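My entries follow in the order in which I checked things.

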Amino acid sequence: MAERNDHYKREEDEEEEEEEELDENYYKAQKDALLFAINVSPSMLKDPPPSEDKKAIKDNAVIAALKSAHQVMQQRIISNAKDMMGIILFGTEKTKYVDFDGKPSNLSYPHCYVYTPLDVPAAEDVKQLRSFVHDGDDEDQLLVPSPDGVDIKDLLFCANQIFTQKAPNFGSRRLFIITDNDDPHPGDKSASESARTRAQDLYDLGVNIEVFPITHGEDSKFDLTKFYDNIVYPDPTSEALDSERFNTSKSGDLNSLIKNITSKQTPKRAYFSNMTFELGPGLNISVKGYNIIQKQSPARSCYIWLDGETAQMAVSETTRMAEDTTRTVSTGEVKKAYKFGGEYVYFSPEEQKEVKQFGSSTIRIIGFKDRSLLKFWMSMKKSVFIYPSEEGYIGSTRVFSALWKKLLKSGKIGIAWHVSRTNANPVLVAVIPSRAQDDEDSGTPFLPAGLWLYPIPFADDVRPPPGVKTVRTTDELTNQMNKIVRVLQLPNAAYDPTKYPNPSLQWHYRILQALALEEEVPDEPDDKTKPKTKAIHKRVGGHIEDWSNLADQELTKYEEQQGIKRELEHDDEPRPAKKAKKTIKAENGDGGSVMNDAALKKKFNSGELTKLKVVDLKDILAAHGLDTKGKKAELVERLEQWVEDNL
Amino acid sequence: MADKETTIYILDLGSSMADCHNGRTESDLDWSMRWIWDKISTTAAASRKTWHVGVIGVRTDETKNAMEDQDGYEHISVLQDLEPMDLPKMRNLRDSIKPSNTLEGDCISALIPAIDMIDTVAPQRLKFNRKIFMVTSGEAPLDLDPDDIQSIADKLKSNNIALTILGIDFDDAEFGFKEEDKTELKAANEALLRSLTEACGEDLGTFGTIAEAIDELDTPRLKATKPYKPYDGPLTLGDPEVDPRAMRINVERYFKTKKANPPTASNVVVRTDHGTQSTSTLEDGDEMQGVEYGGGEFAAVKNARTYKVNDPDAPGGKRDVEFDSLAKGYEYGRTAVHISEAEFNITKLETTKGFSIIGFIQQDKYEPFLNFGESCFTVAQKNSTADSMKLSSLIHSLHELESYALARLVVKDGKDPILVLLAPHIDPDFECLYDVPLPFAEDVRHYPFPPLDKVITVNNKTLTKHRYLPSQDLEETMSEYVDAMDISTYALDDEGERTFEYAAVDDTYSPSLHRINQVVRDRAIHPDKPVPPIPHILLKYAQPDRDLVEAAKTRLDDLIETAEVKKVPPKATGKKRQHERARPISGLDVDALLKMPDNKRTKIDPDNAIPSFKQMMSNANDVSDFSEAAKQLGQIVRQLVTDSFGDRNFDRVIENLGVFREFMINYEEPMLYNDFMGDFKKRLLSGELGGDRRELWWQLKGARIGLIDKEASEESKITREEAAEFWKK
């Protein structure tokens, strides 16, 4: 529970470039607590009718919901390592509440059973839940509905207490209610009113309720207006008129339920809010920014204390010491200075501020350009997604939409000066529209429609190319390559990131999970990024072979031409060389100092490799991706070995 | 590593340099030193052991050089031998660079000791950049004949030394300067010096007027970088190990973009041990090639870590553990997973170096905002005709078919695989594949947003007319405005026509990088001067160009009129807002429900503190209700602290105080909060609330929930300074 420590340590310790999610609720921890409340009732426990369809789900709704909770739990361990999760079963015959330390408490809320106490999930929680849903291991008889149903107010206050105690000061607290009962208290005005009051409490506590309604079969409906519209408040993080407020899932449809739930597993968090977007002098609108694309990396390793009953992570604390005397220094003594020429150059805190002051945070358009002027290589870091908000300027949404349409239609981009917060380093960004998600031409249907702030490099960030000589392809050779490229198109001719999980990240957590659960460690990772080489060989193996042979021929031609050219030059006669093929860019000087494989083989057979110069040896080795370090004898040996193995 | 470098500055320090000329209010010396200091401090900032700087003064009162015994070398003083530059040396130079009391001294003669100095440090067999810069007003008689000029030039040439002569008020037609009342002597000297640089040849000799050099100071200089090659090996299609038919091209992949970060400030403390010689070197001085951070007023701060674990039996619930007793591991959720040192790589994916194509996509199906990192470019293995031609065929094929290639890249054995997108680039004399990194499945978050081109209501109706959607008029005026503000060809070309791209990458400089470099250099040269203003060039693109805005003004006015955007007034203050309570989706008035006697909250429930506090505040009738709510919440907070086992309740305390503070600002009752906090601080720090609670104090500070000052609430009497003072114990 020491996460708050991060807050103030971050203020003092970290470099200024630290990406901090910005929020009005400055004092809150940027963490999410997610509580599943799954309704246990006879209808929720009813197995679906047998079906011929292989894809049909065979689980009842409770199991389906628990399965999705299990999946979310595993995913959140990877993606939201500090966030909490818990599961309540409600409507059960049994009742259980646990106190702060996870011990059963006398306090109780009838027919609410805290199955997984709200916390950062432990390996044990994952294991318990898995054996519950996958092995049907219900020895405690939890999935027995209470004959009297449940009072929703009890569920809501139970959730209230869990959030208050276990997730204090969390920036995001969410209660997911999964049920098929759209009217839990028909005709009971007092029970309904109590529920509403408790719902108001939850709202005031900053808990957001989301209902995942389940219907059974085509005919049944889940009418939110009967009850739930009175206890659910508009989601403060959702944009105006969010159409995806509710998703009605078919009963037991594990996949759609999981899809709906997993799409909400990460709380929507703004990177910045109420940012001024200056379209021109005197025309400002307000936008919010989101980090939709964000690198996920494995959590860093930590230090673990093994001498106690259970292994636990040791939390580090930092004290500062002066380099010269190793005396401990207090925070107030520490000053900021820049290294310069062997010493430090000091600025007072006021001066530091002044130096970094580039005006207030803004996105200020300085003009528009043709999209083609944004070159492929002008890439620095992830882009931030912006979406209009009416909080600063009324009418922002329609102006934003007009700009978005215009940029899409004319193939233009905006260029803007962007300061993401006071004292942040200013950057120039391209403002690029993303197409509507239902647009068939969109290559990125997995991304929302809006504008993106795409950082452009400054001149300082661009590296010059090295001097290299290029030998150009011939039309025939390009045509041969075209055959290969045409055949190996990816599905929809687009890149779809959802198809490529990060293999190192997945493997890291897979192994950790196995270790934590004391399971067998798998030996083969499932790496979706590996090219499907078998299919490639099968589909274009012949084409590649043709291309290789053709390349050898063209190369020989090219070298002959080079030879002729050199001779001509030696003749000292300015007679034009025999006209080379237009596509070949004739080069001056030595055409190919790295010999081709055939020549190499010849030299090898005649034992002439030792006659090569060290420089040439290194070039040849490097050309084949081999190590170029060592003495000449070693280089020759390495090259001989390679020729033997490969030619 | 940049190249090794020796630079000698020959400075004219004659007494006439103290005068001001041509309408300047700065002496000639101060003026030209602007440029010299900029050069020297740039070298010092780089802190490289292989960059040597020497300074020779001419027309000095003294004579101090290796040739001082010979005739003709009088009034030439070596002020600094060729040495790596640092701040103390700059201080020394600052003291010694002063106008002298003499007019005597020959700056061309000074070249002889300069050449000798360079030859000693950088003998010809070594690879060095050798430079001499001479700054002179050209007013002293030069005793030379043309033969001497030639022999000096030959010497410079044979030693491969570049000579740049920058004259004060020298004529320069190209730059557009001509001194009107030039003395004959100066004109003759100018001609002589010019002939010297000409004799050195175009490669080595440069002649100019210092005004031009000073003018260019504001234009940021780009730091030269050596090409860096993160990958070097085969680019494959298919697996050559499995099938000999697989494609294999040997390539090299270099950085194309790489963020040039501004220098970051280090933590330092004022030295307490003046006098004792420090021999320590900073461990983390990785960018420093060997220059030691020893002397000076400040000492570096380093961090020492201690480790704690939870222990219910220890006071405060935590106890220290020895670092040596700790094992390495990872967290899986809240489970600590220990992995022995020998097996530590077990979670690391085993990978083999390689660059393999997965498949191809259409260029128009890719959006630039999908990439998330710096770009590289790939060229064929150096000097390999075969690879070059093969790679060229791939580049041209991608170009013809308007495709990109998706590839998996492992830069070294054991490194994490990344996915990159390869794009063809063809110039008349340069071809390559550019690549950018792409996100994996986990890197893309799925946040739902409503569409921008239509409004879908709760009842699933689609609207095409709505206040959130632009009208036809708005779309048209927007379109005209965007076209009017086009800067694709707005920059001036050499003929003064607007044909060049405006704000092209080559013309934009990182404002923060150059700003910090500028002020640090300036402070190093002039420790007593205030921070200089930001050079205009760094702010050039902070605003749209004035002429452009002027030209587009009517379009913008039309757009503003059509758009009808209204600023939301600054937080409609407190008391009026309080009744605008959020309602559930049904719109049900829960407030009314809460006001019913049965439900009304008059007492804050400690278990449900925040909701009952908020409801009590919102249903309050008068000020006494506010202070009652504040009193009760305050009591709950104190109790939470007192009862807290270790830091267990701290987060609840912070949350309660955060809400407390926020509501007292909104309800314009800041004093209720401030009074509470004043009392709370005393009790907290005196140990009255369950012992040593300083940890909580730090956390409160970190959460920034101190006194409400005047800026946060007009009703407050606390100044910003007083609020800051509050945190000091």
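**Entry 1: chain A, domains and confidence**

I looked up the domain assignment of chain A, which gives domain 1 (26–262), domain 2 (272–296 + 357–461), domain 3 (304–346) and domain 4 (594–647). Such bounds come from an automatic or database domain assignment. Taken over C-alpha atoms, the centres of domain 1 of chain A and domain 3 of chain A are separated by 44 Å.

I note that this is a predicted model, in which local features need pLDDT of at least 70, side-chain atom pairs count only at pLDDT 80 or more, and totals for chains, interfaces and linings use all residues. Residues are numbered from 1 along each chain as its sequence is written, and chains are lettered from A and ligands numbered from 1 in the order in which they are written.

For the complex, the predictor gives an ipTM of 0.85 and a pTM of 0.84. I then read the pLDDT, the predictor's confidence in each residue, from 0 to 100. Chain A has a mean pLDDT of 83, with 87% of its residues at 70 or more. Among the elements of chain A, H1(A) has the lowest mean pLDDT (35), and strand E20 (residues 450–455) of chain A has the highest (97). Helices (H or I, at least four residues) and strands (E, at least two) are DSSP runs, numbered from the N terminus.

Residues 1–24 of chain A have pLDDT below 50, and this stretch has 35 contacts in the model beyond near neighbours in sequence. Two residues are in contact here if their C-beta atoms, placed from the backbone, lie within 7 Å. Residues 240–247 of chain A also stay under 50, with 18 contacts beyond four places in sequence.

**Entry 2: Lys28(A)**

Which residue of chain A does UniProt mark as "active site"? The record, an unreviewed entry, places that feature at Lys28(A). UniProt positions are given in the numbering used here, feature names are shortened, and annotations may be inferred rather than shown by experiment.

I found Lys28(A) in the loop between helix H1 (4–13) and strand E1 (29–39) of chain A. Lys28(A) counts as buried because it has 21 C-beta neighbours inside 10 Å. The cut-offs are 20 or more other C-beta atoms within 10 Å of a residue's own for buried, 12 or fewer for exposed, and partly exposed in between, with C-beta atoms placed from the backbone. Not counting residues up to four places away in sequence, Lys28(A) touches Asn169(A), Phe170(A) and Gly171(A), and also Gly658(B).

**Entry 3: positive phi in chain A**

I checked two residues other than glycine with positive phi. His111(A) has phi near 65° and sits in the loop between strand E2 (84–90) and strand E3 (112–119) of chain A. His111(A) is buried, with 23 other C-beta atoms within 10 Å. Asn274(A) has a phi of about 50° and belongs to strand E7 (residues 272–280) of chain A. Asn274(A) is partly exposed, with 16 other C-beta atoms within 10 Å.

**Entry 4: chain B overall**

Chain B has 19 helices and 23 strands. Its radius of gyration, taken over C-alpha atoms, is 36 Å, well over the 27 Å that the globule rule gives for 729 residues, so chain B is more spread out than a compact globule. The rule is 2.2 Å times the number of residues to the power 0.38, with the radius taken over C-alpha atoms. The C-alpha trace of chain B spans about 110 × 75 × 70 Å along its principal axes.

The domain assignment of chain B gives domain 1 (5–218), domain 2 (226–277 + 293–445), domain 3 (486–543) and domain 4 (578–726). The C-alpha centres of domain 3 and domain 4 of chain B lie 48 Å apart.

Chain B averages a pLDDT of 87, and 93% of the residues score at least 70. Residues 573–579 of chain B have pLDDT below 50, with eleven contacts in the model beyond near neighbours in sequence.

UniProt (unreviewed entry) places "domain: Ku" at residues 318–455 of chain B. Over residues 318–455, chain B is 12% helix and 39% strand, with the end C-alpha atoms 55 Å apart.
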